[in-house]
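The following exercises are to be worked through with the sequence and the structure at hand. Each task is followed by a solution in steps.

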Amino acid sequence: MTADSGHAGPVDEPVGHPTGELPGTLAETLRYGPFHRALRDSIAHRGLSLARLRARLERLGVPVGQSTLSYWQRGLRHPEVPRAVPTVRALETVLELPPESLVALVEPQPRARPRHVAPPFAGSTGAWADPAPLLAEFEAVPRSARSNADLEVLAVHDTVLVGAQREQRAITTRMVVRALRAGPDRYLAVHQGDEGCLIDKALVRPAEGCRQGRVRRQSASRGLAFELLFDRKLAEGEEHVFSFTVLDDTGGPTPGHHRTFRDPCRGYLLQLAFHRRSLPARCTKQFRQEPEATPVEVGELVCGLGGVVSAYFSDVGPGLAGVTVEWT
């Protein structure tokens, strides 16, 4: 049973702004945002399902769809200013939040999408370079161009195998996606090899839930674009899990691994497995809004047993998330 499936509360329940203090974590989120996280945490703090929240809003004379509330709290949509401001103020009342606490997060509009890292698809591996020229041939086919736009990326797990010569040997990716509408039957992925690699020798190995479609390469950018075909067209709302491996072991010492997220993703797990004879001097978890930007989330990681470094990003994107590697 999901949080959205509850029943509306009694009609005589009081609704109003709080008289007590909010938990410190929630107060901090309300102060700094982003809006979707503040809304989600506020709903969880009050213990309301989306159905009950919608019912209470209707009692205030503010009709809003349950799907809209779901999109807002997941970061898939943002309240349109100024039209949605009265609804956001009503949310503050129902959730017993300080006046203007949520409104302040939607006025002015939140940060713009990254200018340099937002390819026309829902995620890419190591895509620091502009992938547009590489994708031009795919985008000439309407169905391929739309396929990722019809998919919501729910979770991604990348495992990067690093060899004895400090080279990136293989990247295995497992993804969970959901169809936003009926029809998507493929995913378009992008990989960018490390400095010095021979991208023409890189190979794609599809695994569960997909098979390989067309492949395009670009030596100048060390770019590789490829289709992963599902075994059927997905129904609207259907979730699908698939995985694949990129074998690319001709580059020099790897500087780390990063993934581009065009839209918000609930969870991203990145693991780097190092050869026991070539352990890194330092690994740093980083998130940045665009390649040239200063990282806004930085943390040093521990290389644990077996030479594995792990970084988990919750509610990641838009932007670039990854691990930077420093060698002795």
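**Exercise 1. Determine whether Cys-197 and Cys-210 are buried or exposed, and state how many disulfides the structure holds.**

Solution. The model is a predicted one.
Step 1. Cys-197 has a relative accessible area of 10%. Buried means under 20%, so Cys-197 is buried.
Step 2. The value for Cys-210 is 12%; by the cut-off of 20%, Cys-210 is therefore buried as well.
Step 3. A disulfide is a covalent bond between the sulfur atoms of two cysteines. The structure holds 0 disulfides.

**Exercise 2. Describe the chain as a whole: what is its secondary structure, and what percentage of its residues count as buried?**

Solution.
Step 1. The chain comprises 8 helices and 14 strands.
Step 2. Its length is 328 residues, of which 48% count as buried.
Step 3. Take the contacts in the chain with a separation of 6 or more: 74% of them are accounted for by residues 24 or more positions apart.

**Exercise 3. Identify the residues of helix 3 that are buried, and the helices against which they pack.**

Solution.
Step 1. Helix 3 spans residues 50-59, and its buried residues are Leu-50, Ala-51, Leu-53, Ala-55, Arg-56 and Leu-57.
Step 2. These buried residues pack against helix 2 (35-46), helix 4 (66-74) and helix 5 (85-94).
Step 3. Consider Leu-53, a residue of helix 3. Its relative accessible area is 0%, so Leu-53 counts as buried.
Step 4. With neighbours within four places in sequence left aside, Leu-53 is in contact with Ile-43, Leu-48, Leu-69, Leu-91, Val-94 and Leu-95. Leu-53 and Leu-69 are 16 residues apart in sequence, and their C-alpha atoms are 8.8 Å apart in space.
Step 5. Just after helix 3, Gly-61 adopts a positive phi of about 80°.

**Exercise 4. Characterise the packing of helix 3 with helix 4: at what angle do the axes cross, and which residues meet?**

Solution.
Step 1. Two packed helices are described by the angle between their axes and the distance between the axes.
Step 2. For helix 3 and helix 4, the axes come within 9 Å and cross at roughly 115°. The crossing is right-handed.
Step 3. From helix 3, the residues Leu-50, Ala-51, Leu-53, Arg-54 and Leu-57 meet Gln-66, Leu-69, Ser-70 and Gln-73 of helix 4.
Step 4. The residues of this contact divide into 5 nonpolar, 3 polar and 1 charged.

**Exercise 5. State which residues have the most contacts inside the largest nonpolar core, and list the contacts of Val-316.**

Solution.
Step 1. The largest nonpolar core has 41 residues; Phe-226, Phe-242, Phe-244, Tyr-268, Phe-274 and Val-316 have the most contacts inside it.
Step 2. Apart from this core lies another, of 27 residues, including Leu-22, Ile-43, Leu-57 and Val-88.
Step 3. Beyond its neighbours within four places in sequence, Val-316 is in contact with Phe-261, Asp-263, Pro-264, Cys-265, Tyr-268, Phe-287 and Ala-321.

**Exercise 6. Locate Glu-96 and Asp-315, and give the phi of each.**

Solution.
Step 1. Glu-96 is placed in the loop between helix 5 and helix 6 (103-106). Although Glu-96 is not a glycine, its phi is positive, at about 60°.
Step 2. Glu-96 has 26% relative accessibility and therefore counts as partly exposed.
Step 3. Asp-315 belongs to strand 13 (residues 308-316). Its phi is near 50°, a positive value in a residue other than glycine.
Step 4. The relative accessible area of Asp-315 is 18%; the limit for buried is under 20%, so Asp-315 is buried.

Conventions. Residues numbered from 1 in each chain as written. Predicted model: local features only at pLDDT ≥ 70, side-chain atom pairs only at ≥ 80, totals over all residues. Heavy atoms only, no water. Buried < 20%, exposed > 50% of the residue type's maximum accessible area, 1.4 Å probe, protein only. Helix = DSSP H or I, 4+ residues; strand = E, 2+ residues; numbered from the N terminus. Contact = heavy atoms within 4.5 Å. Core = buried A, V, L, I, M, F, W, Y, C linked by side-chain atoms within 4.5 Å. Disulfide = S-S within 2.5 Å. Axes fitted to C-alpha atoms, helices over the stretch in contact; angles between N-to-C directions. Left-handed = near helix turned anticlockwise from the far one by under 90°. Nonpolar A, V, L, I, M, F, W, Y, C, P; charged D, E, K, R; others polar.
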